[in-house]
Amino acid sequence: MLLTVVTGIVDAISFLSLGRVFVANMTGNVVFLGFGLAGEVSLSVPSSLTSIGTFLIGAAVAGRLFCRFVDNRGRLVAFVTSVEAGLIAVALLAALLAPSVESVHYVLIVLLSLAMGFKNAMARTLGVPELKITVLTLTLTRLAADAAAGVGLKAFPGRRIVAVLAMFVGAFVGGLLTLHVAVSAALALALLLTGTVAMASHYLSRAQPPWTRPVS
């Protein structure tokens, strides 16, 4: 759930300060790319392509590395969130040292998209029901469809609702910090949350409790 909050924060940063582009929501970027190619001048085709491309690179690299952690899901979470925290830390440093966000526009897109690609690949590998970390469309669809069919109480309704709220809270807080404080403040919060998950998962997985075992 904390990583879902981080997704909301970084997408708030990218959309509000990096030129209407997402670094986690690739569905939005594909749509924006189409709009941009159709002639919408407020959308940047290069920014969308950069985000999509680096997201895919992050996911691909993660896929090659994840074989080292097949026996311990806790180590997988610790590894991925450590990488993600490192990328966000570099992005924060770039934002603090740059004279303006515009001067490091593509640097921030690349770093944050790589981080989100890693994280999305991890979510797929973990396979936690109804917790996709970066996307909510299927979660919302299942929540509504199952509730209408009368099976919502048997299909993780609480987890679905909290996942939606986590993304909303991340977007709201990230938007407040980006618009009214600074991009660096939003990045610092994302780094704090991601680092917390990295340290907690490393500590909690050392004794290899049942939740760290591979999903059969």
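User: How many aromatic pairs does a search of the whole structure find?

Analyst: The search finds five aromatic pairs. Rings of Phe, Tyr and Trp (its six-membered ring) pair if their centres lie within 6.5 Å; planes under 30 degrees apart count as stacked, over 60 as edge-to-face and the rest as tilted. This is a predicted model, in which local features need pLDDT of at least 70 and side-chain atom pairs count only at pLDDT 80 or more, while totals for chains, interfaces and linings use all residues. Residues are numbered from 1 along each chain as its sequence is written, and side-chain values use heavy atoms, with hydrogens and water left out.

User: What kind of pair do F15 and F32 form?

Analyst: F15 and F32 form a tilted pair, with 6.1 Å centre to centre and 35° between the planes. F15 belongs to helix α1 and F32 to helix α2, so the pair ties together parts 17 residues apart in sequence. Helices here are DSSP runs (H or I, at least four residues), numbered from the N terminus.

User: Which residues do ring pairs link into a cluster?

Analyst: The cluster consists of F15, F22 and F32.

User: Is F32 buried or exposed?

Analyst: F32 is buried, because its relative accessible area is 13%. Buried means under 20% relative accessible area, exposed over 50%, and partly exposed in between (1.4 Å probe, protein chains only). F15, at 28%, counts as partly exposed.

User: Turning to V21, where does it lie?

Analyst: V21 lies in the loop between α1 (2-17) and α2 (26-38). V21 is buried, with a relative accessible area of 0%.

User: Which residues does V21 touch?

Analyst: Leaving aside residues up to four places away in sequence, V21 touches S14, F15, N29, F32, S47, S48, S51 and I109. Contact means heavy atoms within 4.5 Å. V21 and S47 are 26 residues apart in sequence, and their C-alpha atoms are 6.6 Å apart in space.

User: New topic: at what angle do α7 and α8 pack?

Analyst: Helix α7 (residues 157-180) and helix α8 (residues 183-204) pack at about 145°, with their axes 6 Å apart. Axes are lines fitted to C-alpha atoms, for helices over the stretch in contact, and angles run from 0 to 180 degrees between N-to-C directions.

User: Which residues meet there?

Analyst: V173, G174, L177 and T178 in α7 meet V183, A185, A186 and L189 in α8. By class, this contact has six nonpolar, two polar and no charged residues. Ala, Val, Leu, Ile, Met, Phe, Trp, Tyr, Cys and Pro count as nonpolar, Asp, Glu, Lys and Arg as charged, and the others, Gly among them, as polar.

Note on methods: Helices (H or I, at least four residues) and strands (E, at least two) are DSSP runs, numbered from the N terminus.
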